[in-house]
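Open the model in a viewer and keep the selection panel at hand. The stops below go from one selection to the next.

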Amino acid sequence: MSDAVPGTGGTGPAHPVPGPGDGRALRVVAESAEGCTRCDLYRDATQVVFGEGPVPAPIMLVGEQPGDQEDKAGHPFVGPAGRILDEALAEAGIDRTTVYVTNAVKHFKWEPRGKRRIHKTPGASEVAACTYWLDREVAAVAPAVLVALGATAIKPLFEKRSTIGALRGTVQESRYGVATVVTVHPSAIVRIREADERRAALDALVADLRLAATTVAERTGA
Ligand code: URA
């Protein structure tokens, strides 16, 4: 995969990687991403859903890909999974407006089922293509701690293949050289119908987010 600017037929120059805290440069990158053709997902998606939040930010959350509602709204984590995430962040004492929220893949991958658009998990080549944007977000946001929400988010963050089970509850240095906490994807909690089981899963997500917050405090003294 070349580093050429998307939409230029693969012949343009690589887009510069923003420096730490350079929100202006990241906005230019985000505008370029609107024309992204690095994989085929742009064909069926409404729009690119780029990350949002302060630059720099102490915590950067990485999800999988926008869902149906995010694809229509153009913002990450605004649908059912976003509501669980908001609840967990609030319980962990983390103000969502202080964290940068993004996805490993920035176009919605789906298949039709009747009138509905059903989420499809992005493949390795789609994750690899979109890591171009994630690299630039991490460089600009310069988080003290990254949080991988679910199995797809693990892929661009770690060189070696791993699982949520293997990494959860620990703080690992990721490919970016940043302390990284791994947890479940909030949509896994959306799908739990049984109240006690759902509460337990939410508590575990909150504990992981607290680990992220205490790691920020340890690393930055803030
Ligand atoms: N799931 C994700 O991974 N990201 C979103 O933005 C919404 C749902």
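Select Phe 77, which sits in the loop between helix 2 (68-73) and helix 3; helices (H or I, at least four residues) and strands (E, at least two) are DSSP runs, numbered from the N terminus. This is a predicted model, in which local features need pLDDT of at least 70, side-chain atom pairs count only at pLDDT 80 or more, and totals for chains, interfaces and linings use all residues. Residues are numbered from 1 along each chain as its sequence is written.

Phi of Phe 77 is positive, near 50°, in a residue other than glycine. Is Phe 77 buried or exposed? Phe 77 is buried, because 27 other C-beta atoms lie within 10 Å. The cut-offs are 20 or more other C-beta atoms within 10 Å for buried, 12 or fewer for exposed, and partly exposed in between, with C-beta atoms placed from the backbone.

Next, select helix 3 (residues 80-91). Its 12 residues reach 17 Å from first C-alpha to last, close to the 16 Å expected at 1.5 Å a residue (1.5 Å times one less than the number of residues). Colour Ala 81, Gly 82, Ile 84, Leu 85, Ala 88 and Leu 89, which are buried. They lie on the same side of helix 3, because they cover an arc of only 160° around the axis, taken from the directions from the helix axis to the C-beta atoms. Their cover includes helix 7 (186-190) and helix 8 (195-220). After helix 3 comes Gly 93, with a positive phi near 75°.

Now show the ligand. Its surroundings comprise 13 residues, the closest being Gly 63, Glu 64, Gly 67, Pro 76 and Ala 81; a residue is near if its C-beta atom, placed from the backbone, lies within 6 Å.

From Gly 67, go to Arg 117: the two are 50 residues apart in sequence and 9.3 Å apart in space, C-alpha to C-alpha. Arg 117 is in strand 4 (residues 116-119) and counts as partly exposed, because it has 19 C-beta neighbours inside 10 Å. Leaving aside neighbours within four places in sequence, Arg 117 is in contact with Asp 68, Trp 110 and Pro 112 (contact: C-beta atoms, placed from the backbone, within 7 Å).

Two backbone stops remain. Select Val 55 and Pro 56, joined by a cis peptide bond with omega about 0°; Pro 56 is in the loop between helix 1 (23-33) and strand 1 (59-63). Then select Ala 142, in the loop between helix 4 and strand 5 (145-149). Phi of Ala 142 is positive, near 45°.

Conventions. Contact = placed C-beta atoms within 7 Å.
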